[in-house]
Amino acid sequence: MKKRVVLALGHRALGTTLPEQKAAIARTAKCIADLIEEGYKVAITHSNAPQVGMIHTAMNEFAKAHPEYTACPMSVCSAMSQGYIGYDLQNSIREELLNRGIYRTVSTILTQVIVDPYDEAFYTPTKVLGRYMNAQEANEERRKGNYVIEEAGKGFRRVVSAPNPVKIVELDAVNALLDADQIVIAAGGGGIPVMEQDNHLKGASAVIEKDLAAGKLAEGVDADMLIILTNVEQVCINMGQENEQPLGEITVEQAKAYMEEGHFGIYNMYPKFRAAVEFIEQREGRCAYITSFDKVKDALKGKTGTVIK
């Protein structure tokens with residue numbers, strides 16, 4: 001049977017502006033096509049921080065210029081970013097595969113992820129997004145119940161919560177497409193955060209950590225491997241010190257120890273290692289790779305990358 005892989009794309013694999021995204025995704029599609037040629041079943045998830053920030057800013061500026069329109073909720077901005085990034089991704093992957101003589105359907109699923117309304121993250125927002133505001137605009141945001149922080153000399157910016165992913169709503173659809181040997185793009189940007197209210201799903205003013213959502217997706221599709229692409233070939237411990245050391249193949253126990261020792265920081269590599277460890281511990285035989293998008297083939301051959309088993 002083909003091995004199932006969840007591939008989590010970071011910022012470098014997507015770019016920031018529209019032209020950057022087109023160029024970056026064209027390169028990333030080659031990496032994904034390599035995995036398909038190697039015989040893997042692939043589900044793809046991705047970051048969206050610059051894109052969702054751009055959309056959030058644009059929609060709120062539009063609402064300011066046209067008072068008859070309401071400001072766009074964070075969950076809707078997240079959904080827009082999934083469609084925008086997925087559109088470019090699926091077309092680039094399709095084109096690259098056809099150039100290699102491979103026909104395979106590539107689909108983007110707008111994916112909602114349930115979060116716990118009592119998650120402690122809602123009390124301590126950490127994710128900064130959107131444009132800089134002046135003091136008056138910041139006070140208006142606070143009156144709406146939103147959190148705002150000041151950056152010295154620059155102005156004020158909105159800050160939102162990052163709750164843990166609990167359940168992927170469209171998981172059955174993702175599995176059905178993978179079972180049909182299709183390529184799936186899902187849970188983009190960590191998924192659209194929603195809260196369950198009986199049969200109703202209410203959008204949450206939050207963003208979900210994309211790496212934790214990738215781990216949740218990998219668990220849900222019973223993947224054999226989780227590959228997290230970032231901007232470094234190998235993760236290092238003791239960063240910036242004389243005893244800086246790149247990590248090759250390590251065990252889950254070693255990964256846990258490095259996490260506890262604080263090597264990875266909370267908002268950088270830590271979520272990647274947490275997602276990898278939680279995914280691997282769910283079933284024997286799983287592994288996770290953390291490397292850059294242009295080193296995936298070498299990492300799978302054991303030549304580079306940080307590998308957790």
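In the predicted model, Ile 308 is in contact, beyond its neighbours within four places in sequence, with Ile 250, Thr 251, Val 252, Ala 255, Phe 273, Ala 276, Ile 280, Cys 287, Ala 288 and Ile 290. Together with Phe 264 and Phe 273, Ile 308 is among the residues with the most contacts inside the largest nonpolar core, which has 44 residues. At least two residues of this core come from each of β1, α5 (171-179), α6 (210-220), β12 (225-230), α7 (252-260), α8 (265-280) and β16 (287-292), and the greatest contribution, six residues, is that of α8. In soluble globular proteins, nonpolar side chains tend to be buried together.

Eight strands form an open sheet with mixed pairing, in the order β3-β9-β2-β1-β12-β16-β17-β15. Because β3 (106-108) and β15 (249-250) stand at the edges and each has a single partner strand, one side of each is left without a neighbour in the sheet. Strands β1 (residues 4-9) and β2 (residues 41-46) run parallel and are joined by six bridges, with Ala 8 having Thr 45 as its bridge partner in β2. Strand β17 (residues 306-308) contains Thr 306, which counts as buried because its relative accessibility is 0%. A polar atom of the Thr 306 side chain lies 2.9 Å from the backbone nitrogen of Val 235, and the contacts of Thr 306 beyond four places in sequence also include Glu 233, Leu 247, Phe 273 and Tyr 289.

Across the whole structure, 22 salt bridges are found. One of them joins the side chains of Lys 64 and Glu 137, at an N to O distance of 2.8 Å; since Lys 64 lies in helix α2 (residues 49-65) and Glu 137 in helix α4 (residues 135-143), the pair ties together parts that are 73 residues apart in sequence. Lys 64 is partly exposed, with a relative accessible area of 47%, whereas Glu 137 is buried, at 16%. The side chains of Arg 286 and Asp 222 likewise meet in a salt bridge (2.9 Å, N to O), and this pair links distant parts of the chain, 64 residues apart, with Arg 286 in the loop between α8 and β16 and Asp 222 in the loop between α6 and β12. Here Arg 286 counts as buried, at 6% relative accessibility, while Asp 222 is partly exposed, with a relative accessible area of 41%.

Key. Residues numbered from 1 in each chain as written. Predicted model: local features only at pLDDT ≥ 70, side-chain atom pairs only at ≥ 80, totals over all residues. Heavy atoms only, no water. Pairing = 2+ DSSP bridges. Helix = DSSP H or I, 4+ residues; strand = E, 2+ residues; numbered from the N terminus. Buried < 20%, exposed > 50% of the residue type's maximum accessible area, 1.4 Å probe, protein only. Polar contact = N/O pair within 3.5 Å; in protein donor to acceptor, adjacent residues only side chain to side chain. Contact = heavy atoms within 4.5 Å. Core = buried A, V, L, I, M, F, W, Y, C linked by side-chain atoms within 4.5 Å. Salt bridge = Lys/Arg side-chain N within 4 Å of Asp/Glu carboxyl O.
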